[in-house]
Amino acid sequence: MSLNKKDLRKKFGKNKYEVELFREKGFVRLRCPICGDYYWTLDPDSKNCGDTLCIGGYKFLGKKKNGWDFHETIKNWCNFFEEHGHTRIDEFPVVARWRDDLYYTIASITLFQKSVLQGAVPPANPLIVPQPCIRFGGKGFNDIDNVGKTGRHLSSFIMGGQHSFNSEKLRNIGSNGYWMDRCIDLDFKFITKEMKVPENEVTLREDIWIGGGNFGPCLESFSKGLEIVNSVFMQYEILPDNSFKQMDMTVVDVGWGIERVGWFTLGTPTIYEATFGPVLEKMKRSTGISIDERIINKYTILSGLLNVDEVNDVNLVRKKIAKEIGIDYYEMEKLLGPLEAHYAICDHLRTLVFTIADGAIPSNVGGGYNLRVILRRCFSLKDYYSLDNIDLLEIMYDHLKYLKKTYKRVEDAEEILKPIYEIEKERYKNTLKTGKKFIRSLIRKNEKLDVDKIIELYQSRGIPPELIEEIAKDENCEIEIPGNIYLLIDEKRNKQQEIEKSMGIKEVLKEKIKGIPDTQLAYYDDHTILTFQSNIIKNIEGKYIILDKTYFYPTGGGQLNDTGKINESKVVNVEKIGNVVVHILKKPNTKLVAGEKVECKIDKDRRFALVRHHTATHIINAAARKVLGKHVWQAGTEKTPEHARLDITHFKNLTMEEIWEIEDWANKIVMENRALTKKVHERVEAEKKYGFRLYQGGVVPGKDIRIVSIADWDDEACAGLHLNYTGEVGLIKIKNARRIQDGIVRLEYVAGIPAIRFIHKQEKILKDTSNLLSVREDELLKTTKRFFEEWKSLQKEKRALLKDIALKMLDELNQNAIKINESKFVIKIFDNKEINDMIVIGNEIINFDQNFILEFIAKSQKLNIILMTSKKLTSKGFNCGKAIRNILNKFGGGGGGKDNLGQGGGINIAHLNEIEKYSIDYISNLLQKI
């Protein structure tokens, strides 16, 4: 059983929290009668800890003050801490490409967890960073449902990161941090001196922060119902036996809610007015929204009680709030709904500006899924509340203009906001068009639209919950959407994405190489060395050979492994586990013994083909970014000796002109024969020098990273092998470019000799086609166009003939039809008729007489069958797709389709008579019921 806060609170007492400030000023320690937590205050008559739920809502609202706007808050906060010995560092991107466990930056400490906490020297100590953060997607971090309702929740926010690192290593190099006494003294000073909060109105509640196998005490500073800052002191590591020990590096991890600070100083009704300033005011003016101030002031004071992460029934809490302020619940919803929609839309669009500027794109996968959710929520809320006078794209540009005063890099989104928005809007419209029809059909069939079904409809069809609620009202059907619906959607999605980690070859080898010394990675010294001698350190099971040094490149850095020989044994795979390289033989060889010196030879053609394709990938990636825009990031690669591919983030298919332009730039860089350099840098130094564009290939572990640079073109963190000059790549030819999923375009290309072979192949196709059509190559396009026009003309003639056949067939079908009520079911057998031809004939007959249900059977080596009817009959519940599936399943075949057209086959011709008889009985039975 793992340690939890309850257990740890028993171990922690007053001594863990009583800092020097409390003793100096005479703070008293009290226990909150409501939540039961201990807190510190200068007011001995204090009644509670000051948390929102305990004090009964926000008590600082409604009094207009000359406080700080968004930019002033950041400036004043930074100035204070810089004046008190902190260094301000540049903020990181909101897309956390330096992490393999996060899509987005969720807190300022995530900037340092994979580097400083593992031994790297921090960029400064102590330091501050006004870090933009994104929170949605994951338990405890999903604020989407809260946004607009609680008055304080945001999906993007600025965390004022105040950090100090303490370890013996840092002390030895003169990088000294501070601990609890200094931290709480500074934090209390900022609240009381800079924010002008009276000292006796500040309470500091004791708590414990636990996560990632570490924990420590924290003090949460409250005033008038608002948590202003949480000062966390990470100092313990949880051991496997559930005991704990002091960490080698202890960390002051303070997260200031910058927007909350500004909100508190201004006393606006919600955090949104204080945060979005002119952007939100312009929205309100556009729509002319006006809310009874008496109601809004009462509601916002109590809105802090509303948090979908902390209450079981959001709607029940809202009903209690309505009762307390003396208004009917439904009237309150009607009054506040449009205002809350303004808040949510404004928040979501700001988040999109931050994320798109850092290269994220709305899609149906990964972190892009969250972006599509919030953008579609904006579309949905705008439609639901008829906010026709606001232009969502214009709001995004208003945000960009306002944000860039402090966060200049959001300008990177300027060129692509519009095309991304327009594509997403069109997709949303298409979803609505099909979704409305589908929801109405479900309601009219009395299908249950419970929470699970609503979630399924959103995930499978993209139909927003708000649209379902709206259509239900139009159909006089009551559906109550849970207040935390987007939280539920995300939780279900996370469960669906959980997959078991498979035991790959690396997992198998981990146990086998324990205690083996690191391999000397000689392949970085000179990638042209292909023959060498080395000593065997260990032979595991005759198959896994470990050398003291190796020039064999192991799979990694986006590059496949080398192959070759150790003595006469073939090496078919090479893997690197930690710093040990394992050479995997095709056949076991127990004669290769530890201590023996062996001759090693690497496959030359494979090595250089892979290295060319790897260097070409770096060249093309930078070329794509130059042609398409700064939003382009690498999303995946594959390099084989024969060809390579690069997946890039982009919101639409590429035109042929764009492909050619990328190819032209790539070959220009090759012909200029630019130099490549490969150097190892300390991570913090590299990030400062090159920026986060380094992480094109994803996470690079360790405090030191290897940077591969192409002069004045590209710089990337990369562990792969590369040429010394771009001219060595040879010709680069892009074979294909296609959109493989939302937001991802795949470029397929070849370099060097494979590029020449590809061009030869294309030339042969051209010549063979020219010979086949007996025309010159320069006449090929003109001739092909003529043939195509002739083919289209023949198709028109064929269609006309099929229509004539259909009309002549009507009398025969009427005579043979089985009539049930008004419906007419008939079976017609064709010899060797194509499915599409039967569909054309069937459509003509049904257009002429909508009472027909047609079963057409094409008889050849197998039976292929279609079942068709009109909307007149499908509206009564007849479904051709289901019917044909059930009929064909009876005889071992398969089928399906839509309600008005089903098709299938795979039936032996010997079953023809049985199918006819069964179809008559089955369809007749169905018709009796409608």
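Colleague: In this predicted model, which residue of strand 30 is the bridge partner of G895?

Modeller: Strand 29, residues 894-897, and strand 30 run antiparallel and are joined by 4 bridges, and a hairpin of 3 residues leads from strand 29 to strand 30. Within this pairing, the partner that G895 finds in strand 30 is G904.

Colleague: Which residue of strand 30 is the bridge partner of M868?

Modeller: Strand 30, residues 901-908, is also joined to strand 28, residues 862-869, by 6 bridges, and these two strands run antiparallel. Strands of a sheet pair through backbone hydrogen bonds, either parallel or antiparallel. Across from M868, the bridge partner in strand 30 is L901.

Colleague: Is S870 buried or exposed?

Modeller: S870 sits in the loop between strand 28 and helix 26, and, when residues up to four places away in sequence are not counted, S870 touches I846, Q850 and F852. Its relative accessibility is 3%, and because the cut-off for burial is under 20%, S870 counts as buried.

Colleague: Why do the buried residues of helix 22 lie on the same side of the helix?

Modeller: In helix 22, which spans residues 683-690, the buried residues are R683, V684, A686 and E687. They lie on the same side of helix 22 because the arc they cover around the axis is only 165 degrees. An α-helix has 3.6 residues a turn, so residues three or four places apart point the same way. The reason asked for is therefore that arc of only 165 degrees.

Colleague: Which exposed residues does helix 22 carry on the face turned away from its buried side?

Modeller: The buried residues of helix 22 pack against strand 20 (676-682) and strand 21 (704-710). On the face turned away from that buried side, the exposed residues are K688 and K689.

Colleague: At the start of helix 22, to within what distance of the backbone nitrogen of V684 does a side-chain oxygen of E682 reach?

Modeller: V684 is one of the buried residues of helix 22, and its backbone nitrogen is approached by a side-chain oxygen of E682 at the start of the helix. The oxygen reaches to within 3.1 Å.

Colleague: Which strands stand at the edges of the open sheet of 9 strands?

Modeller: The order of the strands in this sheet is 1-2-6-7-8-9-5-4-3, and the pairing is mixed. Each edge strand has a single partner strand, so one side of each is left without a neighbour in the sheet, and the two edge strands are strand 1 (28-31) and strand 3 (87-88).

Colleague: At about what angle to strand 4 does helix 4 run?

Modeller: Helix 4, residues 70-83, lies across several strands, namely strand 3, strand 4, strand 5 and strand 9.

Colleague: Which residue of strand 6 does Y39 stand opposite?

Modeller: Strand 2, residues 38-41, is joined by 2 bridges to strand 6, residues 203-211, and the two run antiparallel. In strand 6, the residue opposite Y39 is R205.

Conventions. Residues numbered from 1 in each chain as written. Predicted model: local features only at pLDDT ≥ 70, side-chain atom pairs only at ≥ 80, totals over all residues. Heavy atoms only, no water. Buried < 20%, exposed > 50% of the residue type's maximum accessible area, 1.4 Å probe, protein only. Arc of directions from axis to C-beta. Contact = heavy atoms within 4.5 Å. Polar contact = N/O pair within 3.5 Å; in protein donor to acceptor, adjacent residues only side chain to side chain. Pairing = 2+ DSSP bridges. Axes fitted to C-alpha atoms, helices over the stretch in contact; angles between N-to-C directions.
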